[in-house]
Amino acid sequence: MTPAPEAKTTPETEWTPEAVREFWGRRQPIDDPWASIAVSAGVLVTFGLLVVMYDLVIGHPGQARWQARAVTGATLGLVTAAGSLTTWWSWRQRDVSVAARAAVVLVAVHLAIAVSAWGLWAVLGDYFRYDGTALPLIDEMPVAEITLALALTLMLIVLGTGAPRRGTAPRWLAGVVVYALAFLLLLAVWTPLVIPDLGMPFIVDPRATLLAMAPSVVIPPAIYALVPTLLVVLRPAWIGWVWPLVVAATGMLFVAAIGARSHPQPEQLLAHGNFVPLLVGTAVFAAAAIALLAFAHARALLASRDDAARPAPWVQRGLVVPVYGDEVAQLIVDGYLGGMRTQVDAFTLRTARGDHLIVAAGARLVAPVPAWTMTARAGERRPILRAGDEVIVSGFVESGGDGPFRAGALPIAGDAGLVVTVPRRGHETISRDVLLLVWRSCVVFVAVVLLAALPGLVGAAP
């Protein structure tokens, strides 16, 4: 067994190379170029959505003008409040890139826009003029109610699930976010491909034609969306080599969808318009799932903090003594959808009393998220725990031995497993970790919404 190292302490006035890199990395975060492009385009599209909503409301007839003004004021107030609160929360984390913070703000703003649009339809829906015979599914599919019911159900499940001690949200919740985003994009590119030249059957009975077409429009994207979801939940290590294949297949569908929408027939435009509310509802559900993912991360981190504050023997503090080498744990970044995971090797915890407690491989690790993860590539891994680092290990119980030596028996790992917690420094707050854990999902949301809108915009003019 290697000798126990001394604690690594660095005086505040001593600027080691690691301290210098940490100092500048915390104050000059680097933006991911793809995130910057997606967020910049998302800001323009979001502004366009607000302008379109404003034009729709202002264009109402005179008898609805007072309702229109009330809805306009409520919409602007809700969007401004959501954007301001999220900006205030995210902009305090100054070592997080601007693109990451802006992506989180955009998701909050889009949620506010969706709620406002629902209120707009509830108040002024009777004044909208559209051909109900050609667009029957808009009235027959209660997309808003279904979306709200699904979001509330997911919220109740999250609230009913106990906060895990491992410091992160449950993996299945990240899978829900991935599934919603994948289904949104696939539905957007698949719908133009399966809507044929409808001709006379649609003109005679559009409702029956659309209902017969709905399974072929919805079911294939719902099945194909399981591929990235299962990768993220069950095999995140496979994402690095499977994901290019998924992106290539989706890209080919996207190009084909753009081609199919380049010269559409009027009946095809009307048929596509019937499925637009389903796209909008999926986008709203995805944004709500991301918000619940952020909440679950925060609750799990708080639960880990409380778990690490319990008295002994449950909690033991000390220094890391590795069994082999110098590195004990690594942080692995699985890309934009896969998130992050840790890999912990076996080590010995040397406490202040001189006890050496065994921590088996596979223990769960709760550590502040490093700033380097903002520009990490899929599959990149770096050490996060080394020999001599101070940690808090929770989950020990009394050995329970009998006899005269019971008082001197060392604690052992309990049935709940061990959790290794790395102490936080001043700027490494839980809010910062939540932001670093969800910003990638927010960037993917912005990019998917932009891509999903393109096939519908191509050839949309009558």
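Predicted model: local features only at pLDDT ≥ 70, side-chain atom pairs only at ≥ 80, totals over all residues.
Let me begin with the hairpin formed by strands S4 and S5, in which four residues lie between the two strands. Gly354, in the turn, has a positive phi of about 95°. Residues are numbered from 1 along each chain as its sequence is written, and side-chain values use heavy atoms, with hydrogens and water left out.

S4 covers residues 347-351 and S5 covers residues 356-359. The two run antiparallel and are joined by four bridges; strands are said to pair if DSSP finds at least two bridges between them. Within this pairing, Phe347 has Val359 of S5 as its bridge partner. S4 also pairs with strand S1, residues 315-322, in the antiparallel sense over five bridges. In that pairing, Gly318 stands opposite Thr351 of S4.

How many of the five residues of S4 are buried? Five of the five are, so the strand is largely enclosed by the rest of the structure. Buried means under 20% relative accessible area, exposed means over 50%, and partly exposed lies in between, with a 1.4 Å probe and protein chains only. In a regular strand the side chains alternate between the two faces of the sheet. For S4, Phe347, Leu349 and Thr351 are on one side, Thr348 and Arg350 are on the other, and both faces are covered.

Let me turn to the open sheet. Three strands are arranged in the order S3-S2-S7, with antiparallel pairing. Strands S3 (340-344) and S7 (381-386) are the edge strands, each pairing on one side only. On average, neighbouring strands of this sheet are turned by 25° against each other, direction ignored. Strand S2, residues 327-333, is joined to S3 by five bridges, and Ile332 stands opposite Arg341 in S3.

Next, the nonpolar core. The term denotes a set of buried Ala, Val, Leu, Ile, Met, Phe, Trp, Tyr and Cys residues joined through side-chain atoms within 4.5 Å. The largest such core has 102 residues, of which Val359, Leu365, Leu385, Val420 and Phe445 touch the most other members. Another core lies apart from it and has six residues, including Val79, Ala82, Val105 and Ile113. As for Leu365, its contacts (heavy atoms within 4.5 Å) include Ala329, Val344, Leu385 and Val420, leaving aside neighbours within four places in sequence.

I come now to the helices. H6 (residues 143-160) and H12 (residues 266-307) pack at an angle of about 15°, with their axes 9 Å apart. Axes are lines fitted to C-alpha atoms, for helices over the stretch in contact, and angles run from 0 to 180 degrees between N-to-C directions. H6 and H12 are therefore roughly parallel to each other. Angles under 35 degrees count as roughly parallel, over 145 as roughly antiparallel, 65 to 115 as roughly perpendicular and the rest as oblique. H6 also packs with H7 (residues 171-194), at an angle of about 165° and with the axes 12 Å apart. That makes H6 roughly antiparallel to H7. The contact involves Leu154, Ile157 and Val158 of H6 and Trp172, Leu173 and Val176 of H7.

Two residues of helix H14 deserve a word. Arg440 is found in this helix, which spans residues 430-457, and at 6% relative accessibility Arg440 counts as buried. Not counting residues up to four places away in sequence, Arg440 touches Val333, Gly335, Tyr336, Thr373, Met374, Thr375 and Ala376. Val434, also in H14, is buried with a relative accessible area of 5%. Val434 and Ala298 are 136 residues apart in sequence and 6.1 Å apart in space, C-alpha to C-alpha.

Finally, the protein as a whole. Its secondary structure comes to 14 helices and 11 strands, and buried residues make up 45% of its 462 residues. Of the contacts with a separation of 6 or more, 81% are between residues 24 or more positions apart.
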